[in-house]
Amino acid sequence: MPETIPILIGEVTVDFTMPTRTTDARVRLGGVVHAARGLWASGRNYSVGAFCPAYLVEQARNYLAQHGCQEFVLLGEVTGAPNVIAIADVKEVGHQGYEDILRDERRVVPSCDQVDLSRFDPVVIFPGRYDLGEVINQLKPGARVTIDAAYDVDGADVLRSLTGRIDSLVISTSSILFSKLASSDVAPLLDLAKSIGAKQLLLKENRGGSRLFDVGTGAIEYITATLDVTMNSVGVGDAFTAVFGTFDGSARDAAWRGMQVATVYSQTTWPDDLQRDIERELRIPIDVVRGLGGVTLPWHVRPGLQIYLAAPDFSYTDHIEINAAVAALEYHNFRVRRPVKENGEAKREAPIESLSPYYFSDVQLLRECAAVFAIPIERDPGTLVEIGIAIEMGKPVVTFDPRSENRNTMVVRGSTAYSSDLDVCLNGTFDALSKLERGADR
């Protein structure tokens with residue numbers, strides 16, 4: 001049997017991480033290059049079919065040649081825009097704030113050179129502004145095709161036009177197509193995968209792990225997430241998809257290997273460290289990896305595990321940290337219960353005898369919630385009392401202390417997770433609720 005040549009197809013971009021008060025700006029090649037880095041670090045040979053601005057072609061070609069790419073095929077030129085993606089939040093604590101510079105002016109001009117894509121199999125495609133159908137038509141019949149619909153696939157009709165040509169459909173909970181089709185119920189997404197003839201659907205659910213659906217049998221494999229301090233989440237999903245789509249083995253094993261590579265990819269932006277750590281990870285037998293544990297918290301389960309917000313969430317205050325935390329939790333599909341907003345706010349000079357209804361309503365709401373997310377800014381006494389009540393009730397408490405004002409024994413040790421870093425507190429929330437969900441399933 002002749003050796004198969006995997007190919008990654010997509011646009012080459014420049015990722016520009018915007019500077020903050022504490023971090024400098026950073027620039028690196030992105031787009032399909034993220035997927036390529038994942039395969040290179042995994043020890044895999046591959047080729048790249050690229051759509052690229054003219055000014056980036058030589059740089060991309062040389063960079064990829066140094067990172068495992070056996071052949072660089074220029075499929076088209078991006079014109080009218082630099083293909084620069086400005087990124088506000090590389091950790092994806094909340095919405096990442098992607099800005100595709102001059103995106104409305106961007107056009108793709110197919111290459112005039114004769115290109116033979118029939119030599120490649122398997123094929124992993126990352127859609128862009130190029131003609132997806134034209135690319136698919138150049139592949140050999142029967143090629144194993146994986147398409148990542150995380151970006152630039154705004155509607156189901158794009159995929160329906162490719163019926164019979166896609167083996168595996170990959171999608172992320174942060175994608176537009178997911179939000180349109182399956183944000184409240186995964187069934188329409190499964191129906192779409194079945195209608196186009198896909199054998200597998202891989203749903204990447206960020207910090208909550210992933211689900212691999214066997215479209216034919218309905219079987220589900222839950223792929224855990226291993227949470228640690230996130231250095232940079234940009235491109236993590238692309239690396240996952242690249243490994244999943246090119247792995248020589250079962251779809252289940254491919255998903256677990258993809259998870260391992262994606263986890264390491266999120267923890268470093270240094271290529272040599274990436275390669276070293278992934279080589280170490282991939283030496284672990286699959287069965288051992290599956291038994292290591294981790295976080296599994298599907299997107300559609302999260303709203304049912306309601307979170308009580310313990311914070312000075314008053315109308316007369318303007319705490320940016322509270323708004324940022326609530327936005328982050330809601331971005332990840334958690335239902336945040338805000339007692340001050342729901343049960344009303346007592347006037348600052350209200351008589352003591354008038355406070356009882358607020359107290360009993362808030363305590364009842366706390367009982368109804370699965371966990372508490374506390375933000376004790378300015379050592380707010382009400383928040384600290386709520387932390388204590390929740391601990392006594394046996395509920396997990398995640399304490400976000402952005403100003404490091406509450407590093408006392410009872411708060412720190414009583415909390416399931418405690419940090420001044422919202423990223424760490426999000427991980428703690430996922431971990432705590434994942435454990436609750438696993439306990440409920442037993």
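## A covered strand

Strand β10 (residues 168–172) is mostly covered, with five of its five residues buried; buried here is under 20% relative accessible area, exposed is over 50%, and partly exposed is in between, using a 1.4 Å probe and protein chains only. This is a predicted model, in which local features need pLDDT of at least 70 and side-chain atom pairs count only at pLDDT 80 or more, while totals for chains, interfaces and linings use all residues. Residues are numbered from 1 along each chain as its sequence is written, and side-chain values use heavy atoms, with hydrogens and water left out.

Both faces of β10 are covered: S168, V170 and S172 sit on one side, L169 and I171 on the other, and all are buried. As for labels, helices (H or I, at least four residues) and strands (E, at least two) are DSSP runs, numbered from the N terminus.

## Who pairs with β10

Two strands count as paired if DSSP finds at least two bridges between them. Strand β9 (residues 145–148) runs parallel to β10, joined by three bridges, and I147 stands opposite L169 in β10. There's also strand β11 (residues 200–204), which pairs with β10 in the parallel sense over five bridges. In that pairing, the bridge partner of S172 is K204 in β11.

## Around β5

Strand β5 (residues 84–87) is another strand with cover on both faces: V84 and A86 point one way, I85 and I87 the other, and all are buried. β5 pairs with β1 in the parallel sense over four bridges, and with strand β6 (residues 99–100) in the antiparallel sense over two bridges. A86 turns up in both pairings: F16 stands opposite A86 in β5, and A86 stands opposite E99 in β6.

M18 is found in the loop between β1 and β2. M18 counts as partly exposed because its relative accessibility is 30%. Leaving aside residues up to four places away in sequence, M18 touches A86, I87 and A88, where contact means heavy atoms within 4.5 Å. M18 and H332 are 314 residues apart in sequence and 23 Å apart in space, C-alpha to C-alpha.

## Cavities

A search of the whole structure turns up three cavities of 30 Å³ or more. On a 1 Å grid over the protein atoms alone, a cavity is a set of points where a 1.4 Å probe fits but cannot get out; a pocket is an open set with protein on both sides within 12 Å along at least five of seven lines; and lining residues have an atom within 4 Å of a point. Grid points are joined across faces, edges and corners, and a volume is the space filled by probe spheres set on the points.

The largest cavity has a volume of about 80 Å³, and its lining is D15, T17, R26, V27, R28, I87, N232, V234 and T269. β1 (7–17) and β2 (26–31) each supply at least two of the lining residues, with β2 giving the most, three residues. By class, that lining has three nonpolar, three polar and three charged residues. Ala, Val, Leu, Ile, Met, Phe, Trp, Tyr, Cys and Pro count as nonpolar, Asp, Glu, Lys and Arg as charged, and the others, Gly among them, as polar.

The second largest cavity comes in at about 50 Å³. R28, R37, Y265, T268, T269, W270, P271 and L274 line the second largest cavity, which by class makes four nonpolar, two polar and two charged residues.

## The second largest pocket

The second largest pocket has a volume of about 1,000 Å³. Of its 27 lining residues, the closest to the centre are T20, T22, T23, A88 and D89. Helix α11 (residues 320–331) gives the largest share of this lining, three residues. The lining divides into eleven nonpolar, ten polar and six charged residues.

## A five-stranded sheet

Five strands form an open, parallel sheet in the order β15-β14-β16-β17-β18. β15 (336–337) and β18 (417–419) stand at the edges with a single partner strand each, so one side of each has no neighbour in the sheet. Further in, strands β16 (residues 371–374) and β17 (residues 397–400) pair over three bridges in the parallel sense, and V372 has V397 in β17 as its bridge partner.
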